[in-house]
Amino acid sequence: MNNCSRVLHDFEFTKKEIDDAVQNHRLLSMEIEFSLRCNLRCQYCYVPEKQNLENELSREEICDIILQAKALGAKKIIILGGEPMLYAHLMEILGFIRKEGLSVEMFTNGFGITPDSARQLFELGIFVVLKMNSRVENIQDALAGKKGAYKNIQDAFKNLKAAGYPGPRDLLAVSTIICQQNIDDIPQMWEWLRQENIMPYFEMITPQGRARKNEWLNVSLRHLEEVFKKLAEIDRVKFNRHWQPQPPLVGIKCLRHQFSCMVSSQGYVFPCVGINIPVGNLRERKLADIIRESEAIQDLRNYRHSIKGPCRDCDKSSECYGCRGAAYQLTGDYLASDPWCWNNANKQNDIVHLPVAVDRIIPQQAPMRVIDKLEKVGERTGEVSVTISNDMLFVREDGTLDEAVYLELIAQGIAAINGFKKLGVSSEVIGGLLIGARKLEIFGTAEIGDCLTISIFKDARYGNFCVVLGKVFKGDELLAQGEIKIWQEDSGEVR
C-alpha cells in the first residue's frame, strides 16, 4: 500500500470547512484499515515485513468507529489495507457507511473484483482506487512482488468498466508510486488515464516499511521535479487543467492533517500513515478525545506555527508543508522540513535530524547539564541519553552516580523535548523550574562508562504546570522511576 494518495483533494472542502475542523477538533475524512491481510508483497508498501494480524478490529468496532468519525463531521471514509477485498465483511460495512450518508474511497489491488463484486461496488457508489504502477507486465509484477498482478489488474479494469466505471462522479482512480522502475513511462500513463476519464493518483514514495529497505526504488529530487513539471504541462496543454507542481502528490495538495486521521486495523489512531506515531487507541478512548488531546495532531493542525526550518520559510508555506510522513521517517521529527522536497535539495544542512545534542535546546549548561542527546520524540513522549563520565558533577568518588541526580535527568529530559519543538522555529531557549517530585523509586546504580536512557511521558498539563513521568534505564535494566511537576515559561509548548 502506498501512503499519501489516500488524502482527499483539498478542493473537495472549502477553506471555511477546513478552518472549522482545525479550530473545533473535527474531521472531514478518516482513513481506516479493516485488516492488514494482503495477497501481494508490494516493494514500496508502508506495512513492515512482519505483519501483526492478531487482535484486529471486529466489524462492530469498525462500525462504531465510523459513527464516531461521522459525529466529528467526517464526510468521507477512506479504506486502506492490506487488501480490502479480502475482508470477509467488506460489502456489509460498505453498505453501512453509505447508509450513514458518507462517501467511500477504497484502495485495492484489484484482487477479487469479479463482475459481481464490481457491480456491487458501482451500485453502492464506491470510489474505487486501483493500485497500478505500470502498464508493462513485468514491471507491474515486480513492484507488486507477485507474478500475475498485472493480469489481475487488467481483469479488474475489465470488470469495473463493464459495471459502469468510471461514472459521472469520477468513481475510478489509479494509484501509482513514482519510482526508478516506472518513471520513464509515467507521462504516457498519466495521459492515458486522463483520456480514459480515470483519476490519476500519482505520488512520491514515503521511506517506510518495505520501501525503507528497497532503496533501488528511489528517484533523485531533480528527476522527480522534472516529472512533476512534465505532468503539469500535459494537463495544462492537453486537458486544460492547471496546477502548480509540489511534492508529494501530483496535482493534489496534501493538507490531510488539517482534517483527517488514520485508524489501524488494531484500533490505533495515527496522524497519517507516514507518521506512524500512535496517539491513542479506540478500544481505550473515544475518537473525539484522542483528536482533541493529541499533541501531535494539534501540532500538525497548527503547522504554520510549528513547522521548522526551510519549509517554514518557503513561499508556498500557506498551502504546503511538504510530506510530513517523509519528514518523520527521515528525521525522526514530524515537524521537520521535508528532506525529499526538491525545494530543499540544497538546504539539507538546515534540516535537523534526531538524535540531536541538547546543548542548544535546554537552558542548563555544564556542569549542571546531565544529559547528552535527545534520541526520540513522539506523542507526549521522548527519550534522552547520557554516558556517565568521570568529570560529571554528580559522580561520587567511587565512580557511581549520585541517586539524587535521577530527578534532574527526568527534568532535563522534558526540557529537551520542549526545547526541541522550538529548534528551527525560534532561537529562544525555554526556561522552567522543577517544583516537586513524588513516587521516586530507586532500583539500581549507574557508574562511569554506563550509557543511560531516560524515557519521558508528559502525563498532564495545568496551565504552565506539567506532570511528567520518567524512567531511567541502563540497557534493559530499570534503575529508577518517578514523577515530577515542572513550571514552564509561557512561550513553552507543554501539552
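Select helix α4 (residues 115-124) and show Pro115 and Glu123: both are exposed, meaning over 50% relative accessible area, with buried being under 20% and partly exposed in between (1.4 Å probe, protein chains only). Bear in mind that this is a predicted model, where local features need pLDDT of at least 70 and side-chain atom pairs count only at pLDDT 80 or more, while totals for chains, interfaces and linings use all residues. Numbering starts from 1 along each chain as its sequence is written, and side-chain values use heavy atoms, with hydrogens and water left out. Helices (H or I, at least four residues) and strands (E, at least two) are DSSP runs, numbered from the N terminus.

Which of its residues are buried? They are Ser117, Ala118 and Leu121. These residues sit on the same side of α4 because they cover an arc of only 105 degrees around the axis, the arc being that of the directions from the helix axis to the C-beta atoms. An α-helix has 3.6 residues a turn, so residues three or four places apart point the same way.

Bring up the neighbours next. The buried residues of α4 pack against α3 (90-99), β3 (103-108), β4 (127-131) and α6 (149-163); contact here means heavy atoms within 4.5 Å. Following α4 is Gly125, with a positive phi near 75 degrees.

While β3 is on screen, pick Thr108, which lies in that strand. Thr108 counts as buried because its relative accessible area is 0%. Leaving out residues up to four places away in sequence, Thr108 touches Glu83, Met85, Ile113, Val128, Val129, Leu130 and Lys131.

Zoom out to the sheet. Nine strands make an open sheet with mixed pairing, in the order β6-β5-β4-β3-β2-β1-β7-β8-β9. Its edge strands are β6 (199-204) and β9 (280-281), each pairing on one side only; two strands pair if DSSP finds at least two bridges between them. At the β9 end, strand β8 (residues 268-270) runs antiparallel to β9, joined by two bridges. Click Tyr268 and then its bridge partner in β9, Asn281.

Next stop: helix α1 (residues 15-23). Ile18, Ala21 and Val22 are buried there, and they share one side of α1 because their arc around the axis is only 100 degrees. The face turned away from that buried side carries exposed Lys16 and Gln23. Among what covers the buried residues is α11 (295-301). Just after α1, look for His25, with a positive phi of about 55 degrees.

Strand β10 (residues 356-357) pairs antiparallel with strand β11 (residues 373-377) over two bridges, and Ala357 has Lys373 as its bridge partner in β11. β11 also pairs antiparallel with strand β12 (residues 381-387), over four bridges. There, Lys376 stands opposite Glu383 of β12. The β11 and β12 hairpin has three residues between its strands, and Arg380 takes a positive phi near 60 degrees.

Ile435 belongs to strand β13 (residues 432-442); it counts as partly exposed because its relative accessibility is 44%.
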